[in-house]
Amino acid sequence: MRLLGVGVGLCAAALMVGALAAPAHAGADPAGEPSAGVPPAQDLRGAGWALKDTGKDVRFRGLAAVNRATAWVAGSKGTVLRTVDGGRSWRDVSPPGAVAEGLELRDIEAFDARRAVALSIGEGEASRVLRTEDGGATWTETFRNPDPRAFYDCLTFFDARHGLAMSDPVDGRFRILSTDDGGRNWRVLPAAGMPEALPGEAGFAASGQCLVSAGPRDVWLATGGGASARILHSADRGLTWRVAESTVPAGDPARGVFALAFRDRTRGLAVGGDYRTGQASPQAAAVSSDGGRTWRQAAAPPPAYRSGAAWFPYSRGTALAVGPTGTDVTTDGGRSWRPLEPGSFDTVDCAADTGCWAAGEKGRVARLERR
């Protein structure tokens, strides 16, 4: 889905050891202890965003937090950056073809410091998937959308082999693309298991979080633009889907659920609202404790539109939400939110070692640190 002047539209990892490592956006919490670099997970008091100079002025809506040292960001003008030293320095690893064509890279999933998969959005051939195995030194285009009716918004991986990408509805249903070899090859899944889309319904390519996964088979898809903001769930890697209505207001092309975050296959968060500057976004957060079958409105939601969300590891109830007007934190699983600090970010991601990163406009990238 295209998102107005900034191009997000409505038509349109945790680092794990081993060959089947989960990518940065796969949602399960690993075992271990949190790093001493951040405060206890219970409240994040004393923590804040420490900006890391990227030397760029593009908008980064794709983010993959591998750990506290390593992160990837992807954004406008075909830009991809990678750091392996906690943001002290950034290497420009942009795919040359994406730069030449000015592609909008809205999502990136990283398995480690060398392997990553990036998604560009847009109608028809503008929607592509690119893959690197050498830290961005070289990239291979592994999918180019041949259908002018399709517009891919988001990407997710269950593990280092199995992943999905989603497109806005084609012939009245969301389209799902699947890989079982780490993004080297892709195929469109049958549409028979996908419920019919509502008139005007689509996904928001705002933060790479309109399609998220947790565990080996569960995946959720967030929508907006229709009469209601809905959340679809599949327990079989995208073959069949069940739909539920969220409590986030919709009924307008600019409103709906913009981001999902699942701590495990049962506990999930949804955030969104109205992305237009100056528009109110009441009730723009919801929570589920049953895998997305039902959603409850947050009793005290963030005060404005939020486009990204992430759970903080090693805590049952702590999570972050970001948007153009600030960052909010919850310590009770999404039922209530309080402001953490101002400052514009579009997306947020937390790694297994409690390395949390955020990214957004004007080249802004930050890491959560103790102050």
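**Close-up views of a predicted model**

**View 1. A network of salt bridges links Glu101, Glu125, Arg128, Glu141 and Arg144.** A salt bridge here is a side-chain nitrogen of Lys or Arg within 4 Å of a carboxyl oxygen of Asp or Glu. The structure holds 25 of them. This is a predicted model, in which local features need pLDDT of at least 70, side-chain atom pairs count only at pLDDT 80 or more, and totals for chains, interfaces and linings use all residues. Residues are numbered from 1 along each chain as its sequence is written, and side-chain values use heavy atoms, with hydrogens and water left out.

**View 2. Asp92 and Lys56 pair through their side chains in a salt bridge, 2.8 Å from N to O.** The pair links distant parts of the chain, 36 residues apart. Asp92 sits in strand β5 (residues 91–92), and Lys56 in the loop between β1 and β2 (60–65). Strands (E, at least two residues) and helices (H or I, at least four) are DSSP runs, numbered from the N terminus. Asp92 has 40% relative accessibility and counts as partly exposed. Lys56 is partly exposed as well, at 32%. The classes are buried (under 20% relative accessible area), exposed (over 50%) and partly exposed (in between), with a 1.4 Å probe and protein chains only.

**View 3. Arg149 forms a salt bridge with Asp171, their closest N and O atoms 2.8 Å apart.** Arg149 lies in the loop between β9 (140–144) and β10, and Asp171 in the loop between β11 and β12, so the contact ties together parts that are 22 residues apart in sequence. Arg149 is partly exposed at 47% relative accessibility. Asp171 is exposed, with a relative accessible area of 64%. The backbone of Asp171 has a phi near 55°, a positive value in a residue other than glycine. Most residues other than glycine have a negative phi.

**View 4. Asp252 and Arg276 meet side chain to side chain in a salt bridge, 3.4 Å from N to O.** The partners come from distant parts of the chain, 24 residues apart. Asp252 is in the loop between β17 (242–245) and β18 (255–262). Arg276 is in the loop between β19 (268–274) and β20 (285–288). Asp252 counts as buried at 18% relative accessibility, whereas Arg276 is partly exposed at 29%.

**View 5. Cys154 and Cys210 are joined by a disulfide, S to S 2.0 Å.** Cys154 belongs to strand β10 (residues 151–157) and Cys210 to the loop between β13 (187–188) and β14 (211–214), so the bond ties together parts that are 56 residues apart in sequence. The torsion about the S-S bond of Cys154 and Cys210 is about 120°, so this disulfide is right-handed. Both Cys154 and Cys210 are buried. With a disulfide taken as a pair of cysteine sulfur atoms within 2.5 Å, the count comes to two. Counting bonded cysteines along the chain, the pattern is 1-2, 3-4.

**View 6. Cys350 and Cys356 form a disulfide, with sulfur atoms 2.1 Å apart.** The torsion about the S-S bond of Cys350 and Cys356 is about 110°, so the disulfide is right-handed. Cys350 is buried, with a relative accessible area of 10%. Cys356 is buried at 0%.

**View 7. The largest nonpolar core has 16 residues.** Such a core is a set of buried Ala, Val, Leu, Ile, Met, Phe, Trp, Tyr and Cys residues joined through side-chain atoms within 4.5 Å. Leu44, Trp49, Leu320, Cys356 and Leu368 touch the most other members. At least two residues of this core come from each of β1 (47–51), β23 (319–323), β26 (347–350), β27 (356–359) and β28 (365–370).

**View 8. Lys362 has a positive phi, near 55°, in a residue other than glycine.** Lys362 is placed in the loop between β27 and β28. Lys362 is exposed, at 64% relative accessible area.
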